[in-house]
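Work through the exercises below with the model open beside you. Try each task before you read its solution.

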Amino acid sequence: MSESEAPLFPEIWRGAVTVEVTTALSESSSIDSEGPRGSARENSGTGLLSPRGGEPEKEEEEEGVETVVNNFMDPEQRLYFADGKRKVDYVLVYHCHRRPSARDSPDQHRLSVISNGSFPLRAAQKGPEEGKAERGEVSVDLGPADPAEGEKRMIREEFEANLKEAGLEMEHGSEHKAHGHTFVRIHAPWQVLSREAEFLKIKVATKKSYELKGEKGFAGTMNLVWQKLNQPFQPNVPQTQDQGRTKFLSHCFSRDKMHLYNIKSKDTFFDNTTRSRIVYEILRRTACTRTCQTMGITTLIAKGVYESAFPLHDGDFKGAESAEERNDRQILHDEWARYGVFYKYQPVDLIRKYFGEKIGLYFAWLGVYTQLLIPASLVGIIVFLYGCATLDTNVPSLEMCDTMQNFTMCPLCDGACDYWELSTACSTARASHLFDNPATVFFAIFMSLWAAMFLEHWKRRQISLNHSWDLTGMEEEEEHPRPKYETILLQKRQRKMRNQKKSKNEHGKSAVESGESRKDKWRQRLLSAMTTGIPPGQEKLTWRDRIPGYFISISSILLMFGVTFSAVFSVIIYRITVSALMAMSTDGATKANIRVTVTATAVIINLVVILILDEIYGTVAVWLTELEIPKTETNFEERLILKAFLLKFMNAYAPIFYVAFFKGRFAGRPGGYVYVFNDYRMEECAPGGCLIELCIQLSIIMLGKQLIQNNIFEIGIPKLKKLYRTLKDKEQAPSESEEQQGRVRPQWVLDYGLEPFNGLTPEYMEMIIQFGFVSLFVASFPLAPLFALLNNVIEIRLDAKKFVTELRRPDAIRAKDIGIWYNILSGMGKFSVIINAFVISFTSDFIPRLMYQYMYSDTGTMYGFIDHTLSYFNVSNLKPGTAPVVSNYPKEVTFCRYKDYREPPWSPDAYQFSKHYWAILAARLGFVILFQNLVMFMSVLVDWVIPDVPKNISEQQKKEKAMLVDVFLREEKEKLQLIQSLFSKDVSQASSFPSNKRSLQQPPLGHGDHCFPRPRGRAASFSQFSRQESVSPWHETTRHTAV
């Protein structure tokens, strides 16, 4: 056979029976085309796509063709290429539809080659029936009949060709044949890692180090004692260099300063997180301009070209025989993701090393928040115990429980309700004192200062982490546009081009024969050809493009607020109607438990409504944010957080705000009640006040939300999804699942079966809502910090287990702070001061008790307080139909009492607000102003006293900066001395041969037209003398992807 005939079907000469040609129908005529797509198509059947264009190292067949995979590989080799040397840094997954047999599918385009017997052909071994194919016939498959699949394949080929040009190495495989999933493994060689690390300004440790100074004297002794006491609570994590007493200087990686770094092995110099982040950065900026006008892997995933993309975990999370052999994932599982280590600190540095700075900052923030809940919980317990200790000596509750006082109260409803004794509400009054006592005011002030201390402490902790994680001075990385933004921008550009073309055509009709028309046509053709090459930065979406999204977003948020208020109002109607119906019952036990039954059931209904609306609002927030078309992921995340927080904040706290500030305020008085739908009276607070109902509402919603939403949902839903996927896999591939039993599957297949990571917004959101429960209404429920602490101890380990065992490894994202969440926390801390001031002054009886004791009491004690707070009403003034129809009260009633400050019936201004009411109202408002200004002043004082940057960190930063300057100056000085010595040596050698004057006049090789240079007075640039031999710009491994 001649050489010209061999390239037609190269795979046939290797003994293959079926050759898959990956091209769409529209491209079926360009099988042998050259260029990136052609080269990628030629290499599509190989196991390795080498960036150097050499021979493939492993042959594998791609989509639909059986691939030989070593399922009995060593577990440690599951993270490497087939050669066992190159580490898999990233994985791309795409779904390819399984194509039916060509004999059964007339739509499948095939090309048959009949053998003339000059070479042997083997029958395909895909099944018993397929093996009966005629010998000597070769089927060349021309790709799928679906044009969409062909287009996706072309995009993948161009994208992977561009990745090869960027220097990445790839290996294909389809281990998950049952679903038609193909895994593209990506490896970044040293040239790519060093180049991108320099571009990204990644800081790495240098050889220069110094010893951290320890504290001396009494402070040092106390620090040493504290370390010994803290030792049992430290996780058993191997100490890194930065965690010891020796601190290595860090500097941005540069290929010109390779000698500064302690590079023992190029394969391990960059850790797995850094390697995956570099690969992800290349994937995110690589463009596909020939097949589609898109940029980045996120856009391709959004378009369905790829199904997913993720870095690999560091092997299995269990199975290490000894502690020394554990990988980072196993260490995190043993020392962080188990409930048995709940008492230990989190290995924050290892979390950051494995998951990246953004996730590390979240868990560091959660740890600081949980630690500071310990003192808040202790103070809350003390306040509660104080209420229990003073329960039997509390005069107001004793007077309310005294049956000799004979306070006859007005009916609670019209017609069906009878007069009742105040002593029957004794239990409510005693329970109210547990939370409504003088210590509550102190606790509210303490928690307001606690919120300020928490924010200040976190700022200091964040700066310490920035220093230890080499984030100081980190520049903002340029973000690429989101896929939705690129799509809409492309549509806008196409509309603009169509309009220009239409206007040009209309103009050309009037001057067809003119030369100007021909010039316009040429210009139009040029613009059409350049359309795909217009960079996105030259055009952008304006506010006019976003007006519809903003309008829909604002109107939808207002609508959601209306839905929340409607839900609260519906629960109010439920409470009113159920109270009236239970009051009509003839059962005495039912009547006696009306208030408890109605309150408990209403709170449970509120909780269910909150949980349902939370899920709805989360979906609505994402949809509304998409309508606004944010350009970058940061803008998208900030807008999403703001919308979700507003909706969920209103949803969670609307029922609590109603009980705290509105319930009982607009009920009216006997003979002048306010009615709903002209039939039902507005509900009133309990005789002991609304604070006890606020406590019940807050406790049930907080505990129920944490227990059901934060824990059961997070545990149950992922397990149900995993069970569903397992059952689905068994149904689709029962034979394959049986074959894989006992085999070691590759790590990328195991990780693909895990849940994808969807961001930290849900994790932050539940903690922010909890922070509101702890800070906003803490005056009504001092035990809220305790329950929050218990929840967070479980939440940390639950999140840890989810990240380590149930989620794919997230992309490592650098971040210096927690972003917009800090502003939300700061705003809630200031808002909590105002809320607690109003709760103490208006919801509790603290101000009325204080006013009575020091202004109205004859003895200066609390005796007579209950009688002071109750007003008189003449029962003869009741409206017709509102008096009890059947009264079982033992004696005749002339006057009944109700809780309010109004004039008695015998006063000229009967039933009007009394002077006591206005005096107490003024005192309440004055307390709000005093409390708010006092706490705000103390918060500002705390902020001013505590510096944001710890003293030791600022000293270390100054020292490190000075040491780096010394290192560079000393190195430049040594280089200048070396150059001077070389020049002086050349001069001395030249002077030893004075007869050869012509040779002295000629410049030495490499200096061009210059003579021997003279030493300069100032230091030369460091890069002029330390630059290593650069790699050839024509080398394919060093080509840069267009940004």
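This is a predicted model: local features need pLDDT of at least 70, side-chain atom pairs count only at pLDDT 80 or more; totals for chains, interfaces and linings use all residues.

Residues are numbered from 1 along each chain as its sequence is written, and side-chain values use heavy atoms, with hydrogens and water left out.

**Exercise 1.** Find the salt-bridge partner of Arg-275 and say what the pair ties together.

Solution. Start with the general idea. Side chains of opposite charge can pair when their charged atoms come close. Next, take the cut-off: a salt bridge needs a side-chain nitrogen of Lys or Arg within 4 Å of a carboxyl oxygen of Asp or Glu. Arg-275 meets Asp-89 at 2.8 Å, N to O. Arg-275 sits in helix H5 (residues 272-285), while Asp-89 is in the loop between strand S2 (48-49) and strand S3 (90-95), so the bridge ties together parts 186 residues apart in sequence. Helices (H or I, at least four residues) and strands (E, at least two) are DSSP runs, numbered from the N terminus.

**Exercise 2.** Decide whether Arg-275 and Asp-89 are buried or exposed.

Solution. Recall the classes: buried is under 20% relative accessible area, exposed is over 50%, and partly exposed is in between (1.4 Å probe, protein chains only). Arg-275 has 3%, so Arg-275 is buried. Asp-89 has 4%, so Asp-89 is buried.

**Exercise 3.** Classify both partners of the salt bridge between Arg-352 and Glu-357.

Solution. Their N to O distance is 3.1 Å. Arg-352, at 23%, is partly exposed. Glu-357, at 8%, is buried.

**Exercise 4.** Which residues form the nonpolar surface patch, and where is Ile-604?

Solution. A patch takes residues with over 30% relative accessible area and no salt bridge; like charges are joined within 9 Å, nonpolar side chains (Val, Leu, Ile, Met, Phe, Trp, Tyr) within 5 Å. Ile-604, Val-608, Ile-612 and Ile-616 form the patch, with about 340 Å² of accessible area together (Shrake-Rupley method, 1.4 Å probe; for residues, only the protein chains shown count as cover). Ile-604 is in helix H17 (residues 594-627). At 47% relative accessibility, Ile-604 is partly exposed.
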